Amino acid sequence: MNSGIRSPNLPLGTTLGEFLGNEIVGGTRSLKRYSRVSVIGPLEAIASGSQIGGGVVFSSKAEADAHLGYAAFQLALVTGDGDPAKNGLYQKIAGTGTGLWSRIADLPYEIVQLTVTGGTGDAILASFSPQVPSTPGDKLYLMVPTANNTGVAMTINGAVVKNALNSTPAANSFVSGVTTSMIWAGDHYQLLTSLSADTAGVVADATAARDLAAASATAAASSASALANQVHQYDTRAQAIAATIPAGVNLARLLGRVAAGDLFGSGALHKKLGGAPSPARSWHFQSADSAWWQLKEFRVNPRMFGAVGDGVADDRAAVQDAIDFISALTTGGTVEGVPGDTYRIVINSGVTDNGVILKSGVNLIGNRAKLRLECDGQVYGIRPLSNTKIIGWDIKTSVSTGLSATIGAEQGIWHAPISIGAAYGNCGTVGSVSAYAIAQGMEIAWNTIDSARNNGQGLLVGGYGAVGQIHIHHNTIPDNSTIALAIGFDWAFVGTLSSADINGSKTNYNNGTSYSIHPHDLLIEHNFIGKMTMALYAGPFGSHGIRLSGVYNSRVIGNEIAETTYAGIFVTGGDLSFEFAPTKERYMAMKNIVVEGNVMQQCNTYYGIYYEAYPDNVFEAASNPANSQYPYSPIGVVDGYPVGTRIVGNAMVASGGGYLGEGIYVQFSRGGLVSDNSVQGFKTGIRAGRGASETVIERNQVTLANEAGILISDSSSPSPTGVTVRNNKSSRNCASGGTQGNISVDSAIRTSILGNLIGSTDEDNSSIGLSVTANATAISVVGNRVKKVKTGGTAYKIASSSVTTALYVFRDNEYEGSDTYFSGIEIVPINRFGLNGSGQNGHYVANRTPGISSARPAFGTYVANDIVDINGAASAEAVRILCTVSGSPGTWAVVSTRP
């Protein structure tokens with residue numbers, strides 16, 4: 001543009017456009033003086049036409065065509081034509097009196113007409129059409145003054161007016177009858193040009209601004225640090241690669257990888273390297289000036305490494321690169337998913353066997369993005385190492401192929417969406433243990449986890465080995481009909497151990513070439529597990545909500561499990577348990593296991609909660625006399641069973657009939673507490689079975705079991721011993737009939753049944769309140785209350801008339817119903833309280849029943865000095881009697897009577 005106001009003191013080539021843009025340009029750097037004004041060439045032309053050229057503004061194209069008396073190249077505005085297409089910037093073609101007006105540009109801004117209504121040349125009053133000033137620089141304001149200004153401070157409707165150089169307009173900048181063009185600069189009107197632009201004040205302002213800009217440019221050119229602080233920005237990676245970036249610039253930001261904005265957030269900052277990286281990875285690029293640049297971010301996403309995120313492209317390499325970058329170049333950094341992205345992860349045997357490796361110290365945060373794993377062969381899914389987090393993802397193994405039936409049955413970890421530890425046989429050797437198998441410190445939370453695997457004991461999250469300090473919480477596992485284990489951890493081994501070769505395993509262990517390793521310190525809480533409905537198969541084996549094998553120091557708390565076909569929560573010692581564990585782990589074998597506050601809604605086939613410390617193969621081999629090739633006892637017998645197990649505050653339901661298992665089943669456990677649970681349905685409500693020792697079962701509510709509500713029994717050795725059943729409420733059990741009671745003791749030793757509430761006022765199932773069979777030994781029955789039994793039933797059924805060893809104590813027991821109070825041992829009834837010196841019979845307690853005044857034994861064989869204390873004796877009746885002559889039932893004498 002050749003038009004414009006010039007000052008003789010400004011550099012040659014400085015135009016009005018440079019001032020209208022509020023910049024002074026010179027050297028290598030520009031100085032911005034004002035904030036929101038940017039006027040380009042056409043607007044400069046408007047200013048020149050409307051002021052310098054005499055203020056040519058027409059209300060219509062027809063009016064312009066009627067005025068051809070202007071010289072060639074004169075500019076004019078048409079602003080009010082009824083045909084909007086005719087409004088615009090025009091230029092006169094040909095000389096005065098001839099030619100035509102040629103439209104050369106649109107109106108660059110909306111035109112606002114100010115009409116002078118009064119005031120003075122310095123304090124103008126004007127009306128507005130169509131509106132008052134608003135956004136800076138958005139509109140062009142035109143006004144025809146009715147008087148010249150005088151050079152003092154000037155206003156329009158009280159708003160300050162400044163010239164194009166932000167100074168008070170010089171005198172006669174506003175000329176009566178000459179159109180003036182202005183813009184709104186936020187707090188004042190600003191002229192686009194001024195007739196008196198070459199006054200001393202304007203020149204002084206411009207010169208000072210020029211000098212300041214020149215000084216700044218000189219300083220910038222001479223200061224490497226100033227240049228180094230600049231961040232050059234590029235829309236795409238391709239643009240950055242093609243750019244020649246000044247040598248002093250050390251930072252560059254990419255707004256996109258392929259297209260601007262596709263990197264999510266504020267893009268990706270890169271720093272200049274001192275030389276070529278080795279190797280060059282996806283987080284590097286080389287610009288046209290041969291400089292190498294490296295990503296410089298603490299939080300990254302897969303798109304920064306080339307991921308597409310459309311669920312079609314294979315993004316495995318990009319996701320792995322993102323993890324590798326954080327692992328290599330930051331401490332505790334984060335890989336984030338882009339909301340809405342789906343990352344397809346193809347994992348092939350022999351190529352990417354380890355799946356996606358989540359390296360130590362890396363956090364994988366999903367933002368609800370999706371990971372879709374396509375697994376083929378013996379491969380892992382997302383495989384975390386120590387000190388890692390997987391939070392907020394939707395993770396699914398969407399394709400699962402290439403697993404044989406045998407491998408599938410043996411290795412649940414293959415294709416697991418979150419594969420922790422190592423597969424059986426992949427844990428390494430003594431002195432070279434796999435880092436995966438001993439990984440510590442993980443958090444897996446707020447994910448949705450699913451799998452399409454349809455082969456054997458498939459797993460969703462968990463794994464094998466000495467993994468520990470793992471917190472799995474608030475995950476959602478949708479309904480699944482093909483996966484066996486929603487959450488599962490199992491022991492594994494270093495070297496070679498096999499449950500099929502116990503002697504060989506023992507040899508390897510004793511030689512120091514093999515040992516077992518065990519999960520520990522697991523906290524699995526507040527997860528929701530949907531309907532796990534995989535069909536039962538050989539074993540039997542079916543779906544589990546949570547399965548722990550060979551673990552210690554672990555808690556399962558507050559989880560909700562909608563349905564399972566085998567067990568809601570299954571805790572076991574496993575095939576070899578801790579038989580071949582190092583000394584420290586042997587000491588901790590299955591100790592400190594807590595199962596608390598979980599809800600299992602439909603455990604319709606087998607178990608709600610199953611707990612044992614049973615070394616399956618070892619124990620069977622050692623305890624079977626026919627297996628002489630196993631001449632030793634497992635630690636389960638030598639060192640005893642674990643202590644500290646707590647099964648507390650859980651609720652479980654089984655409905656539909658055909659039950660095969662228990663609500664809560666405990667075996668091979670020393671000590672432990674089963675307390676405050678609610679159990680409805682199942683074959684048996686709560687059962688302490690084989691090898692249960694010193695277990696306390698208290699304050700539970702049990703109802704609607706097909707057979708016994710609470711059962712202490714196992715036909716296989718060793719029998720449950722020293723179990724205490726106290727303060728429970730058990731009612732309406734034995735729904736399928738049978739001879740068991742709401743509480744039953746059979747094939748058990750030294751069990752105490754204390755203070756339980758048995759039956760209900762509407763008891764319609766159980767014919768027996770409390771049953772102790774002849775197979776039991778030394779059972780104490782004290783302080784229980786039977787509210788009611790099924791019509792025709794018996795409140796307390798204790799062994800038989802020929803068996804007196806089943807009972808140790810029977811006293812202070814009550815019955816509120818009208819059916820038979822007592823049957824079995826015929827001592828009216830009497831109850832063992834202690835043993836005499838000969839080890840026979842001894843001290844008994846007789847519960848006085850209506851119609852029996854003496855309460856003397858009528859049946860059985862007794863020896864001299866046996867004593868019977870009679871509860872409930874009336875005044876003047878015997879309260880203690882003594883056997884004076886041995887016999888059946890012997891001769892008895894009153895020792896004392898009630899006053």
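Two rings of Phe, Tyr or Trp (its six-membered ring) make a pair if their centres lie within 6.5 Å; planes under 30 degrees apart count as stacked, over 60 as edge-to-face and the rest as tilted. By that rule, ring pairs join Y566, F570, Y606, Y607, Y610 and Y665 into a cluster. The model here is a predicted one, where local features need pLDDT of at least 70 and side-chain atom pairs count only at pLDDT 80 or more, while totals for chains, interfaces and linings use all residues. Residues are numbered from 1 along each chain as its sequence is written, and side-chain values use heavy atoms, with hydrogens and water left out.

Now for the overall picture. The protein chain has 12 helices and 76 strands, taken as DSSP runs numbered from the N terminus (helices are H or I with at least four residues, strands are E with at least two). Of its 899 residues, 53% are buried, where buried means under 20% relative accessible area, exposed over 50%, and partly exposed in between (1.4 Å probe, protein chains only). Contacts are heavy atoms within 4.5 Å; of those between residues at least 6 apart in sequence, 69% join residues at least 24 apart. The chain exposes about 34,800 Å², with carbon and sulfur atoms supplying 51% of that area, as worked out by the Shrake-Rupley method with a 1.4 Å probe, and for residues only the protein chains shown count as cover.

Back to the rings: the structure holds 23 aromatic pairs. One of them is F58 with Y70, which counts as edge-to-face because the centres are 6.4 Å apart and the planes stand at 80 degrees. F58 sits in strand 3 (residues 57-58) and Y70 in the loop between helix 3 (61-65) and strand 4 (75-78), so this pair ties together parts that are 12 residues apart in sequence. F58 is buried at 5% relative accessibility, whereas Y70 is partly exposed at 27%. F285 and W293 form a stacked pair, because their ring centres are 6.2 Å apart and their planes are at 10 degrees. Here F285 is buried at 2%, and W293 is buried at 0%.

R383 has its charged end over the ring of Y436, 3.5 Å from the centre, and K591 lies over the face of Y587 at 3.8 Å from the ring centre.

Finally, the cysteines. With a disulfide taken as a pair of cysteine sulfur atoms within 2.5 Å, the count is 0. C375 is buried at 1% relative accessibility, and C427 is buried at 0%.

How values were computed:
Lys NZ or Arg CZ within 6 Å of the ring centre and 35° of its normal.
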